[in-house]
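Visitor: I am new to this structure and would like to know what the terms used for it rest on. Could you take me through them?

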Amino acid sequence: MNTLHTTSPGEAAAFIRRGQTCAFPTETVYGLGADAFCEAAVQAIFEAKGRPADNPLIVHVADADQVARVARRVPDAARRLMERFFPGPLTLVLPRHPDLPLAVTAGLDTVGVRQPRHPVTQAFLAACGTPVAAPSANRSGRPSPTSWQAVLADLDGRIPCLLQGGRTEAGLESTVVDATSNAPVVLRAGVVTLEQLRAVCPAARFADDEDDADHELPPRSPGTRYRHYAPQARVRLVDGPDEAPPDDGPAAYIGLTPPARPDAFRRVQVCADEAAYARELFHFFRASDAAGCAVIYAERVSPRGLGRALMDRLQRAAAG
Ligand code: TXA
Ligand code: MG
């Protein structure tokens, strides 16, 4: 199949309205969308990505009215989180509306809902006129795409349309929060930090914190079970550039601390802060692969704030 490229949200939305898939930019990463109420189109997402059928999709909405089409009920805490973080990089897991196909939620009785804030995404979703189910637009297991070129590298010829935008602003995925009860639980760390969630819901916590091991915990997001975010190169986590042996074959380094001998690496990315590290990480993984690097050294960060999401992605990539 030919993949049509367009910069027109309306032209891209026509594919969704016709029951086809279309990749599109958001402020986190690019997504691969389909009409959430069209089962055949939702199925095509799983096929294009090679995604396991037991991993649910996030439904993207244009406005609050669409939330009511996909979620049966919005608990109080969820409503407060929506008021503060919608539109934005937060996904709320809510009770599934009975009309929403089970293919979207992988058979779960809950649905992840997100209202993106990127203006191009908003124009696209408004033109679709229907909630859009969309995972990240990468082949399963690969780093999420943060540019349209990265989408094509994985999915060219496998999807009918790509809505082109620029590099994504955040570079990491949304925070996924189980908001089915009034004590929200973070299932996947992401761009919205636990500290920010607690400013609205003080009871918010991570699903996998050991302090909380005595609580009855809901399972983590199904997707977090799989190998993820991995470039072809081996990823090794280091406490700083000094720990990266400079003569270990073609190597790359990314982190906050500048290496003493940058010329020892084929690619180097020194990030000004954690937000820049997050924005560059997946892009750097793909660029290092393209440059033929055999190993990528990535500096650890403190697992607080955005650092928690960064460490989650780094650890998963290193486990690959
Ligand atoms: O930023 C993002 O979240 C991007 C953009 C495109 O919105 N999307 C994204 O989708 O990262 P995906 O499919 O790559 O990751 C979604 C995660 C998976 O770990 C999935 O298991 C989890 O959210 N998830 C979706 N629905 C869920 C549900 N009902 N219950 C628990 N986890 C859910
Ligand atoms: Mg993904």
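Guide: Contact here means heavy atoms within 4.5 Å. The model is a predicted one.

Visitor: What is Arg-313 in contact with, leaving aside its neighbours within four places in sequence?

Guide: By that cut-off, Arg-313 is in contact with Leu-172, Glu-173, Ser-174, Arg-188, Ala-189, Gly-190, Tyr-229, Leu-281 and Phe-282. Arg-313 itself belongs to helix H10.

Visitor: Why does Arg-313 count as buried?

Guide: Buried means under 20% relative accessible area. Arg-313 has 0% relative accessibility, so it counts as buried.

Visitor: What makes E12 and strand E15 a pair?

Guide: Two strands pair if there are at least two bridges between them. E12 and E15 (residues 295-299) have five, in the parallel sense, and therefore pair. In E15, Val-295 is the bridge partner of Arg-234.

Visitor: Why are strand E12 and strand E14 said to stand at the edges?

Guide: The open sheet has four strands in the order E12-E15-E13-E14, with parallel pairing. E12 (234-238) and E14 (267-270) each have a single partner strand, so one side of each is left without a neighbour in the sheet. From one strand to the next, the twist averages 15°.

Visitor: Which helix lies across E12 and E15?

Guide: H10 does, running at about 130° to E12.

Visitor: How is the lining of the largest cavity divided into nonpolar, polar and charged residues?

Guide: Seven are nonpolar, four polar and one charged. Arg counts as charged, and Arg-308 is among the lining residues. The volume of this cavity is about 50 Å³. Helix H8 (194-200) and helix H10 (306-319) each supply at least two residues of its lining.

Key: Residues numbered from 1 in each chain as written. Chains lettered and ligands numbered in written order. Predicted model: local features only at pLDDT ≥ 70, side-chain atom pairs only at ≥ 80, totals over all residues. Heavy atoms only, no water. 1 Å grid on protein atoms, 1.4 Å probe; cavity = no way out; pocket = protein on both sides within 12 Å on 5 of 7 lines; lining within 4 Å. Points joined across faces, edges and corners; volume = space filled by probe spheres on them. Buried < 20%, exposed > 50% of the residue type's maximum accessible area, 1.4 Å probe, protein only. Axes fitted to C-alpha atoms, helices over the stretch in contact; angles between N-to-C directions.
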